[in-house]
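Thanks for coming. I have one structure to go through, and I will keep it short.

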Amino acid sequence: MVFDKIDKIELYKGLSDDIYEGLKFLKQADSNLAVGTYQVCPGVKAIVSEYETKTNNEYGFEAHKQYIDIQGLLFGEERVACLPIEKLKETKPYSEEMDAAFYSADEQPQEMIIGNGYFAIFYPQDGHMPQLCIDSPKKVKKVVVKVKNHGI
(Lines give C-alpha, C1' and ligand atoms only; values in the text may rest on other atoms or scores of the structure.)
Protein backbone atom coordinates (compact mmCIF):
# COMPACT_ATOMS: atom_id res chain seq x y z
CA MET A 1 0.00 0.00 0.00
CA VAL A 2 1.09 3.54 -0.73
CA PHE A 3 -0.38 6.67 0.87
CA ASP A 4 1.02 10.03 -0.15
CA LYS A 5 0.42 13.49 -1.62
CA ILE A 6 -0.34 13.62 -5.34
CA ASP A 7 2.40 16.25 -5.72
CA LYS A 8 4.97 13.53 -4.97
CA ILE A 9 4.14 11.15 -7.83
CA GLU A 10 7.68 11.35 -9.20
CA LEU A 11 8.72 9.18 -6.23
CA TYR A 12 6.59 6.36 -7.67
CA LYS A 13 7.72 6.56 -11.29
CA GLY A 14 9.84 3.43 -10.84
CA LEU A 15 6.95 1.23 -9.61
CA SER A 16 5.68 0.66 -13.16
CA ASP A 17 4.92 2.69 -16.26
CA ASP A 18 1.21 1.91 -15.86
CA ILE A 19 1.04 3.03 -12.23
CA TYR A 20 2.86 6.22 -13.16
CA GLU A 21 0.40 6.87 -16.03
CA GLY A 22 -2.49 6.35 -13.60
CA LEU A 23 -0.96 8.76 -11.09
CA LYS A 24 -0.45 11.37 -13.82
CA PHE A 25 -4.12 11.02 -14.81
CA LEU A 26 -5.20 11.49 -11.20
CA LYS A 27 -2.93 14.50 -10.72
CA GLN A 28 -4.27 16.22 -13.85
CA ALA A 29 -7.95 15.46 -13.16
CA ASP A 30 -10.14 18.17 -11.68
CA SER A 31 -13.63 18.37 -10.21
CA ASN A 32 -15.12 19.19 -13.64
CA LEU A 33 -14.20 15.74 -14.98
CA ALA A 34 -17.43 13.98 -15.94
CA VAL A 35 -18.56 10.80 -14.19
CA GLY A 36 -17.65 7.81 -16.35
CA THR A 37 -14.84 5.49 -17.40
CA TYR A 38 -11.70 6.69 -19.17
CA GLN A 39 -9.11 4.53 -20.91
CA VAL A 40 -5.80 6.06 -19.81
CA CYS A 41 -3.60 3.65 -21.76
CA PRO A 42 -3.63 -0.11 -22.43
CA GLY A 43 -3.98 -1.81 -19.05
CA VAL A 44 -5.06 1.38 -17.22
CA LYS A 45 -8.57 2.78 -16.88
CA ALA A 46 -9.99 5.45 -14.61
CA ILE A 47 -13.49 5.31 -13.14
CA VAL A 48 -14.96 8.62 -11.96
CA SER A 49 -17.96 8.46 -9.63
CA GLU A 50 -19.94 10.69 -7.28
CA TYR A 51 -21.60 9.43 -4.11
CA GLU A 52 -22.22 10.20 -0.48
CA THR A 53 -19.76 8.75 2.02
CA LYS A 54 -21.14 6.30 4.59
CA THR A 55 -20.84 5.71 8.32
CA ASN A 56 -20.47 1.99 7.54
CA ASN A 57 -19.60 0.18 4.32
CA GLU A 58 -21.94 -2.83 4.26
CA TYR A 59 -19.62 -4.71 1.89
CA GLY A 60 -16.74 -4.61 4.37
CA PHE A 61 -13.16 -4.83 3.18
CA GLU A 62 -12.35 -5.64 -0.43
CA ALA A 63 -9.25 -6.83 -2.26
CA HIS A 64 -8.53 -7.32 -5.96
CA LYS A 65 -6.33 -9.69 -7.96
CA GLN A 66 -6.53 -8.50 -11.57
CA TYR A 67 -6.13 -4.78 -10.89
CA ILE A 68 -4.22 -2.50 -8.54
CA ASP A 69 -6.34 0.43 -7.30
CA ILE A 70 -5.16 4.01 -7.21
CA GLN A 71 -7.77 6.04 -5.33
CA GLY A 72 -8.08 9.80 -5.01
CA LEU A 73 -10.83 12.37 -4.68
CA LEU A 74 -11.56 15.32 -6.94
CA PHE A 75 -13.57 16.99 -4.20
CA GLY A 76 -14.35 16.05 -0.62
CA GLU A 77 -12.59 13.61 1.67
CA GLU A 78 -13.22 10.03 2.72
CA ARG A 79 -11.85 7.67 5.31
CA VAL A 80 -10.46 4.34 4.13
CA ALA A 81 -9.88 1.47 6.57
CA CYS A 82 -7.02 -0.91 5.69
CA LEU A 83 -5.66 -4.26 6.81
CA PRO A 84 -3.55 -6.91 5.08
CA ILE A 85 -5.81 -9.68 3.74
CA GLU A 86 -4.07 -12.28 5.93
CA LYS A 87 -5.62 -10.48 8.94
CA LEU A 88 -9.13 -10.56 7.44
CA LYS A 89 -11.87 -13.20 7.27
CA GLU A 90 -13.33 -13.85 3.84
CA THR A 91 -17.10 -13.20 3.74
CA LYS A 92 -17.60 -13.43 -0.04
CA PRO A 93 -15.20 -15.46 -2.19
CA TYR A 94 -13.26 -13.89 -5.02
CA SER A 95 -15.30 -13.18 -8.14
CA GLU A 96 -13.28 -12.91 -11.34
CA GLU A 97 -16.12 -10.93 -12.93
CA MET A 98 -16.07 -8.32 -10.14
CA ASP A 99 -12.33 -8.70 -9.49
CA ALA A 100 -13.05 -8.63 -5.80
CA ALA A 101 -13.31 -10.72 -2.68
CA PHE A 102 -14.91 -9.28 0.46
CA TYR A 103 -13.81 -9.59 4.06
CA SER A 104 -14.55 -8.69 7.67
CA ALA A 105 -12.08 -7.86 10.43
CA ASP A 106 -11.81 -8.73 14.10
CA GLU A 107 -9.05 -6.24 14.79
CA GLN A 108 -8.84 -2.48 14.56
CA PRO A 109 -7.77 -1.41 11.05
CA GLN A 110 -5.39 1.34 10.05
CA GLU A 111 -7.23 4.33 8.65
CA MET A 112 -6.29 7.07 6.22
CA ILE A 113 -8.04 10.11 4.84
CA ILE A 114 -7.86 10.49 1.07
CA GLY A 115 -8.78 13.73 -0.65
CA ASN A 116 -7.28 17.21 -0.44
CA GLY A 117 -4.34 16.06 -2.52
CA TYR A 118 -3.80 12.66 -0.82
CA PHE A 119 -4.12 9.39 -2.73
CA ALA A 120 -3.65 5.69 -1.97
CA ILE A 121 -2.49 2.71 -4.00
CA PHE A 122 -3.90 -0.67 -2.99
CA TYR A 123 -2.17 -3.88 -4.14
CA PRO A 124 -3.77 -7.36 -4.13
CA GLN A 125 -2.62 -8.03 -0.54
CA ASP A 126 -4.17 -4.77 0.74
CA GLY A 127 -7.66 -5.18 2.14
CA HIS A 128 -9.39 -1.82 2.02
CA MET A 129 -12.79 -0.46 2.98
CA PRO A 130 -13.41 2.84 1.16
CA GLN A 131 -16.32 5.30 1.06
CA LEU A 132 -16.38 5.92 4.82
CA CYS A 133 -17.34 9.35 6.13
CA ILE A 134 -15.11 11.34 8.44
CA ASP A 135 -17.67 13.05 10.70
CA SER A 136 -20.92 12.76 8.79
CA PRO A 137 -21.85 11.58 5.29
CA LYS A 138 -20.88 14.06 2.58
CA LYS A 139 -20.89 14.08 -1.21
CA VAL A 140 -17.57 13.30 -2.88
CA LYS A 141 -16.25 12.85 -6.40
CA LYS A 142 -13.72 10.06 -6.67
CA VAL A 143 -11.34 8.62 -9.21
CA VAL A 144 -10.39 4.96 -8.97
CA VAL A 145 -7.64 4.15 -11.43
CA LYS A 146 -7.52 0.44 -12.23
CA VAL A 147 -4.03 -0.72 -13.22
CA LYS A 148 -3.72 -4.21 -14.69
CA ASN A 149 -1.69 -6.32 -12.25
CA HIS A 150 1.29 -7.80 -14.05
CA GLY A 151 2.73 -9.29 -10.87
CA ILE A 152 4.13 -6.02 -9.55
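Predicted model: local features only at pLDDT ≥ 70, side-chain atom pairs only at ≥ 80, totals over all residues.

Residues are numbered from 1 along each chain as its sequence is written, and side-chain values use heavy atoms, with hydrogens and water left out.

The chain has one helix and 12 strands; helices (H or I, at least four residues) and strands (E, at least two) are DSSP runs, numbered from the N terminus. Along the principal axes, the C-alpha trace spans about 40 × 35 × 30 Å. Buried residues, meaning those under 20% relative accessible area with a 1.4 Å probe and protein chains only, account for 45% of the 152 residues.

Now strand 11, residues 126-132. Six of its seven residues are buried. Strand 6, residues 77-84, runs antiparallel to strand 11, and five bridges join the two; strands count as paired if DSSP finds at least two bridges between them. One of the partners in strand 11 is Gly-127, bridged to Leu-83.

What is the volume of the largest pocket? About 520 Å³, where a volume is the space filled by probe spheres set on grid points joined across faces, edges and corners. A pocket here is an open set of points on a 1 Å grid over the protein atoms alone, where a 1.4 Å probe fits, with protein on both sides within 12 Å along at least five of seven lines; lining residues have an atom within 4 Å of a point. Of the 24 lining residues, Glu-62, His-64, Gln-131, Val-144 and Lys-146 are the closest to the centre. Strand 3 gives the most to the lining, with four residues.

Note on methods:
Buried < 20%, exposed > 50% of the residue type's maximum accessible area, 1.4 Å probe, protein only.
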